[in-house]
Amino acid sequence: MAQYEAVIGLEVHVQLNTATKLFCRCRNHFGDPPNTNVCPVCLGLPGALPVVNQAAVAHAVKTGLLLNCTIAAFSKFDRKHYFYPDLPKAYQISQYDLPVCRAGWLEILLNEQPRRIGITRVHMEEDAGKLMHDEGGGGSVVDLNRTGTPLLEIVSEPELHSPDAAYAYLTTLKQLISYLGVSDCNMEEGSLRCDANVSVRPVGVTTLGTKVEIKNMNSFKGVHKALSYEIERQTKAVSAGQAIVQETRLFDTVQEKTVSMRSKEEAHDYRYFPDPDLAPMTFSAAQVEAVRATLPELPRARKERFAAQFALSDYDATLLTSERAMAEYFEATVQAGASGKAAANWIANNLLTALNAAHLTLAQCRITPAQLADMIALVESNAISSTNAKNDVFPVMFATGASPQAIVDEKGLRQVSDTTQIDAWVRAALEQNPAVMAALTSGKAKAAGTLVGAVMRLSQGKANPALVNARIAELTRAYLPPPPEPA
Amino acid sequence: METVADFLAALRRGTLSARAAVDLALQRIAAADPALQAFLAVRADEARAQAARIDEQRAQGQDVGPLAGLPFGVKDVICERDHECTCCSKILKGYRPPYNATVIERLRAAGAIPIGRLNMDEFAMGSSTEHSAFQQTRNPWDTTCIPGGSSGGSAAAVAARMVPMTLGSDTGGSIRQPAALCGVTGLKPTYGRVSRYGLVAYASSLDQIGPLALSAEDVALVLPHLAGHDPQDTTSAALPVPDYCAGLSGDIRGLRVGVPKEYFVAGLDPEVRHAVQAAIARLSALGARVEEVSLPHTEYAIATYYVVATAEASSNLARYDGIHYGARAADTRNLLEVYTHTRRQFFGDEVIRRIMLGTYVLSAGYYDAYYLKALQVRTLIKRDFDAAFENVDVLVTPTSPTPAFKLGARTADPLQMYLADIFTVSVNLAGIPGLSIPCGFSEKGLPIGLQLLAKPFDEATLLKVGHAYQCATDYHTRRPANCTDLFDEETKE
Amino acid sequence: MISHTDIAYLARLSRLAMSDADLAVFMPQLQQILAYIEQLRALDTTGIEPTAHVLPLRNVTRADDVGASLPQAAALQSAPQVGDGFFCVPAVIE
Ligand SMILES: [Mg+2]
Ligand SMILES: [Zn+2]
């Protein structure tokens, strides 16, 4: 039997996080009462005219550069016509033949190997409103608050060949776009939406098979499942000599399979033409380079720099650069005086754990990088023990945002490194533990170790542990039998 | 007391209060409009209240604006907040926009008083105002004739002296042609001179709002309060607006006047030809240098226009689907029927024709052959004008090939109706300004219009030439016969 | 030349409920107008740039500043059918 390979292209819609909509000054915001973030423009009222949001254009150009695209010297908006209750003008302002960005690529890691996936185009368009279906069957209702939200549509080349590759493409894309700060790319909340075009063909064949479009996938895992199902469905059909019907299928998230829309709708004839209400856009090479200069350092470059500059493990460097905010937090902590290694440990082990447990994001974190650096400095200067830092200081900083110094002073946690005081605690510990003393005199040097806990208890945890170890070794030596004479 | 200049002078002198100005307009509307049917709605109470406020503010010494107290009429295609705006279509029956058009905001800020809504061809598609879904406006010079269109109500209201100024819109001649046929002065400004925000779109790349009044001087008085950049209209030009009145010297000696030979061909009514040639001779006598020029692509203008305009119209009118505002057909079984029944039931036949034509020229497989081709020819037409204006300051042509025709004479033949726009559509395709002024009368007493064209944003030259011509002639001061008695009565007071 | 099938397709595309009788009226009119428009084909426009906008405007944009929106009642004031702040339409079955 012939081997088949899948051919997948993804169309991703990303909502931009501008303050206002693409063509009007209504707030770009969700969760408000229906039809309250609307105006004559986004309601599509007769006579109202669109005006392009400068920030949305800037976001599009940045995203294009991020995806290694060519930025068009000349670009324009076109009207795409279809009737639907969530589209009040009965056309969507989009881009047809001259999108802002063309011909780029995105590098993904697949089985640890880097692979470039072609980006056909990135274009700007406005989002539609929300149509909700009354479960009672009474009718449907329309909220136009979302109408006019700026979107980027990112179209890949059909160069993905497995659900894993599609998944890697999406996670990489999401990470990069989040890094840019132009969208939060949350698929569950709809700020990132993905449609897939899938076909199968015998391995070795270079022409494309009949493609099927899949919609309604609302998580990255959903995309993976839908593609797996669909590839298997098509492979079985083709192997059995059946023809694939070119159609749109919906992913049923409950049954985890794709189902035909079986819609009677005729072939699309969108009748694109240049929007006469909007002037074209031009981008000079100088403008494009100026935007390029504002791009943030991207995860991969940053990871390599972190690993080299701060001697971090590959794991830590990857973790700390997975989100731009975290990388910036880390760097700010180092900037404030912490060593890279210590900052990495505290962020990776303590801060992230605490944030996860409290369901908070880094942006909501009450510990400033400077405070974290101060706390690390207290540990490294032996002013407090790392145990105290971890158990007594950090949790209070996390909960209250108080400075570590204030917490240490208030709790009297300042570490004791005074040898006289520590010697007194060691002697007291020896007196309280005659068994240890007996073990020592019988030559069991290791018994001294059990005194550490007692000394720390006597000091209420404030004794400098390194010094405690050193003093115990020093003071218990007298009890040990003399070493045998060399033969 | 009929022109904008008369009204403003009396209002400023204090011999006419804003309240009296509004009452005068209301009386004239009450007297003349029942026979002419220019107004769809008259807002007497609101206009009187606004006038009273202006009088009060003026009495208190406040700045009430340069047009304070001037009553004007609004074509039913321009949005006024909370006032029904139907574009004379059943599909927008009951539609009340929640916002004002920029021109309305500006005129109100200058103190002018909107007094009512004016009849038009449905969605501004037509040349006779016979395509209004609601009423038939008649030509004040002969009530068995059409007033022209689509701004037929706007032209008839000024011609019958009901109001000194009205707003119209012009996509292919809809201000100039009714101005010519009703014997008034109408300006289609340069594309981008006046904000389109709040003008219900017919063909967005061609539409412009403009004033209709009794003289070029009146237009010059009003235009500065319409024109200028509007941040809400991306296609409005960020250029300064000159003082148009300052240029009205009456002196056009040395002005270079071009006469495009393609506009004087078969099909031009002999009376119109004669009147226009006489007008050209008059301009020459006033010291202008007249020469023949050529606009070689003129013959393609109508075809180009009907592709571009209907393509854009099919898009602009897609939104009238019975969902978010306006009428919705009753007894529909599903969403598709809401769309198809609403649109079939409430659009008139001319609108349906243009939507179908526009849909066709944009549809898959026809775009290049029709739409793209028309945009290329549009370039050629624009280049013709650019070339002509290298040698002349203005072009002079007839506005309409014939005087007003009888009601019903062309409704059965859409193409014949389209050909009435032959001298006006090129101007919209090229985006240049055009002024129509009265230049004579037919033997039957119907007005004939002269069209003056200038390079983009040179409205000042058009008004200067129009004013010089009107200083030397009296066609623009003649009144339709049935108006005379009423106004003679008034002037005796 | 535009056919009955073509015109029925145009009616569907532009959401106009047209009976065969309607089409019989509109078809010859559209045929006549299209025949007139055909004259454009006679003109050689090779290499001529299309003019979609007459003014040479470019990059007309606005700042990303929030402005006023309409009150919900104003947004819905002319809608044929509303409920609970929404526009209401017949059930949309997918
Ligand atoms: Mg899209
Ligand atoms: Zn809005």
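In what order do the eleven strands of the open sheet in chain B lie? The order is 1-3-2-4-6-5-10-11-9-7-8, with mixed pairing, where strands count as paired if DSSP finds at least two bridges between them. This is a predicted model, in which local features need pLDDT of at least 70 and side-chain atom pairs count only at pLDDT 80 or more, while totals for chains, interfaces and linings use all residues. Residues are numbered from 1 along each chain as its sequence is written, and side-chain values use heavy atoms, leaving out hydrogens and water.

**The sheet of chain B**
- Strand 1 (39–42) and strand 8 (289–293) of chain B are the edge strands, each pairing on one side only; strands are DSSP runs (E, at least two residues) and helices are DSSP runs (H or I, at least four), numbered from the N terminus.
- From one strand to the next, the twist averages 30 degrees.
- Strand 1 of chain B pairs with strand 3 (residues 113–118) of chain B in the antiparallel sense over three bridges, and B:Phe39 stands opposite B:Leu118 in strand 3 of chain B.

**Helices on the sheet**
- Helix 5 (residues 152–159) of chain B packs on the sheet and its direction makes about 155 degrees with that of strand 4 (165–170) of chain B, where axes are lines fitted to C-alpha atoms, for helices over the stretch in contact (heavy atoms within 4.5 Å), and angles run from 0 to 180 degrees between N-to-C directions.
- Helix 15 (residues 459–472) of chain B also packs on the sheet, at about 15 degrees to the direction of strand 10 (434–441) of chain B.

**A:Gln15**
- A:Gln15, in strand 1 (residues 4–15) of chain A, has a relative accessible area of 5% and is therefore buried (under 20%, with a 1.4 Å probe and protein chains only).

Notes:
Chains are lettered from A and ligands numbered from 1 in the order in which they are written. Buried means under 20% relative accessible area, exposed over 50%, partly exposed in between (1.4 Å probe, protein chains only).
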